[in-house]
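Q: I have a model open and want to go through it with you. Can we start with the terms, then move to the details?

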Amino acid sequence: MPVLSILSRNDAQFDAKISHILSRGQSQDQAVEEVVRTILEDVQQHGDEALIRYTSRFDNLDLNATGLALNGGTIEACRSEISTRQYQALERAAANIRSFHERQKRNSWMEQDPVNGNILGQRYRPLDSVGIYVPGGKAAYPSSVLMNAIPAQVAGVERIVMVVPTPDGYVNPAVMVAAHIAGVSEIYRVGGAQAVGALAYGTQTIAPVDKIVGPGNIYVATAKRMVFGRVDIDMIAGPSEILIIADRGADPRHIAIDMLSQAEHDELASAVLITDCEELAQKTAKALEDELAILPRRDIARKSLESYGAIIVVPDLLEAARVSNQIAPEHLELSVADPFWLLHAIKHAGAIFMGYHTSEAVGDYIAGPNHVLPTGGTARFFSPLNVDDFVKKSSLVYYTPMGLEEVARDVEILTAMEGLDAHGRSVSYRVRK
Ligand SMILES: NC(=O)c1ccc[n+]([C@@H]2O[C@H](COP(=O)([O-])OP(=O)(O)OC[C@H]3O[C@@H](n4cnc5c(N)ncnc54)[C@H](O)[C@@H]3O)[C@@H](O)[C@H]2O)c1
Ligand SMILES: N[C@H](CO)Cc1c[nH]c[nH+]1
Ligand SMILES: [Zn+2]
């Protein structure tokens with residue numbers, strides 16, 4: 001029995017399958033919300049003391065003994081725990097990520113009206129401080145440290161703080177080295193909702209930040225949602241997704257491996273192939289079986305495919321694009337002969353990988369664009385994490401006496417409509433005194 005059977009656009013289960021894929025991980029758990037609320041209040045009231053208690057309970061670590069901050073010495077020691085080749089790969093990835101994000105920077109602008117001399121403009125300024133949550137344990141991704149920290153650094157954020165749980169005292173050396181390469185020097189060994197609380201409210205040791213970014217488990221995601229408003233947060237990225245549109249020229253084995261590349265992340269991950277070629281669909285289903293058999297994380301990948309995988313056959317590539325737009329995937333591969341032609345039919349996707357040679361994994365690690373992307377259909381309105389996420393804008397307005405005179409009557413009429421007399425007089429008094 002193949003892990004995925006082949007669906008056609010007209011099958012009765014088609015719509016149900018799409019809704020099921022889009023519904024992943026959207027449930028909000030009331031019990032978790034209660035736990036998180038309690039932790040956040042506790043951190044707000046008791047600061048470091050609460051961090052010490054929760055870290056002892058959840059991470060089996062005595063912060064009284066280790067200290068809360070991971071200091072320069074520890075970070076330096078981590079450098080010798082990874083190989084030179086690993087270090088170089090991280091540096092190369094960081095350089096590509098930095099150069100891509102440099103191109104996202106915007107310039108402040110001011111424009112003067114040549115007649116009345118008024119000036120209007122917009123000024124961009126980096127946030128003062130940002131907190132990056134890095135999930136704990138061996139599954140922590142150094143690549144995600146680069147992807148979260150580098151755009152903040154490129155934006156000019158002065159204080160970038162990282163929090164990372166170190167369960168049983170284990171410090172992931174590659175994560176520390178990635179943080180060092182990305183210019184993060186303030187690191188605390190706390191995780192979960194208590195780390196989010198510390199970043200939002202501050203404690204005796206950790207000064208509060210303006211924005212919290214980075215992935216984490218349900219406790220972390222719920223805490224981020226709850227502190228939103230007090231601080232800004234990034235989008236809450238859900239489990240990974242890949243959707244591949246492939247034509248008859250695509251290699252079924254490539255397609256199968258690319259599907260597995262996201263399925264291996266998480267049991268809630270989703271991997272979908274849409275093709276106009278029945279033969280490719282059959283061969284990919286077979287290749288998936290072969291590749292699953294040799295995949296170390298096959299149990300996770302199999303569950304993900306069984307729950308949220310699909311192979312769909314459609315009459316043509318434009319129909320494939322229509323179904324893809326309905327799903328608005330995090331990652332979209334256009335594994336077709338002319339991806340630039342098909343691109344015009346694509347409306348929604350976090351990142352688009354074009355051509356037979358562009359596997360999604362280059363985007364996860366090395367190409368340069370960010371791998372923190374909208375999931376769960378939110379690519380309809382969200383964008384990848386980018387430099388704009390770490391800056392804010394101020395509007396600039398300068399009026400001359402002539403400019404004020406020109407608008408005075410309109411302001412009087414508009415302010416009278418709203419019954420706001422002082423607003424009106426603030427202009428008319430200046431013009432007519
Ligand atoms: N999208 C990405 O790029 C990306 C990258 C890495 C990891 N992830 C996701 O991050 C998550 C990592 O999860 P994780 O658990 O390994 O690490 P985590 O750091 O997110 O969470 C660990 C913390 O959860 C808290 N916690 C655990 N059990 C708790 C309980 N019963 N009550 C209250 N708090 C509790 C503890 O404080 C612990 O320190 C996964 O969901 C993974 O899919 C996503
Ligand atoms: N594909 C993940 C985000 O969807 C990011 C990642 C990190 N490491 C490997 N992949
Ligand atoms: Zn990935």
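A: Burial first: a residue is buried if 20 or more other C-beta atoms lie within 10 Å of its own, exposed if 12 or fewer, and partly exposed in between, with C-beta atoms placed from the backbone. By that count asparagine 60 is exposed, with 11 other C-beta atoms within 10 Å.

Q: What kind of model is this, and how are residues and chains labelled?
A: This is a predicted model: local features need pLDDT of at least 70, side-chain atom pairs count only at pLDDT 80 or more, and totals for chains, interfaces and linings use all residues. Residues are numbered from 1 along each chain as its sequence is written, while chains are lettered from A and ligands numbered from 1 in the order in which they are written.

Q: Back to asparagine 60. Where is it found?
A: Asparagine 60 is in the loop between α3 (48-59) and α4 (63-66). Helices (H or I, at least four residues) and strands (E, at least two) are DSSP runs, numbered from the N terminus.

Q: What is phi of asparagine 60?
A: Phi there is near 55°, a positive value in a residue other than glycine. Most residues other than glycine have a negative phi.

Q: Which residue besides glycine has a positive phi of about 50°?
A: Alanine 328. Alanine 328 sits in the loop between α14 (317-327) and β13 (331-335).

Q: Is alanine 328 buried or exposed?
A: Buried, with 24 other C-beta atoms within 10 Å.

Q: Changing topic. How many helices and strands does the chain have?
A: There are 18 helices and 15 strands. The C-alpha trace spans about 85 × 60 × 45 Å along its principal axes, and 41% of the 433 residues count as buried.

Q: What does the domain assignment of the chain give?
A: Domain 1 (6-25 + 238-367), domain 2 (30-115 + 125-233) and domain 3 (399-432). These bounds come from an automatic or database domain assignment. The C-alpha centres of domain 1 and domain 3 lie 59 Å apart.

Q: Where does ligand 2 lie?
A: Between domain 1 and domain 2, because both give residues to the shell around ligand 2.

Q: Which residues are around ligand 2?
A: Tyr141, Ser143, Ser144, Ser240, His265, Glu330, Asp364, His371 and Leu373. A residue counts as near if its C-beta atom, placed from the backbone, lies within 6 Å of the molecule.

Q: And by class, what is in that shell?
A: Two nonpolar, five polar and two charged residues. Ala, Val, Leu, Ile, Met, Phe, Trp, Tyr, Cys and Pro count as nonpolar, Asp, Glu, Lys and Arg as charged, and the others, Gly among them, as polar.

Q: Where does UniProt place the feature "binding site"?
A: The unreviewed entry puts it at Gln262, His265, Asp364 and His423. They span 162 residues in sequence, and the farthest two C-alpha atoms are 56.8 Å apart, so they do not all gather at one spot. UniProt positions are in the numbering used here, feature names are shortened, and annotations may be inferred rather than shown by experiment.

Q: What does aspartate 364 touch?
A: Ser143 and His371, not counting residues up to four places away in sequence. Contact takes C-beta atoms, placed from the backbone, within 7 Å. Aspartate 364 lies in helix α16 (residues 360-365) and is buried, with 21 other C-beta atoms within 10 Å.

Q: And where is histidine 423 found?
A: In helix α18 (residues 421-432). Histidine 423 counts as partly exposed, with 14 C-beta neighbours inside 10 Å.

How values were computed: Two residues are in contact if their C-beta atoms, placed from the backbone, lie within 7 Å.
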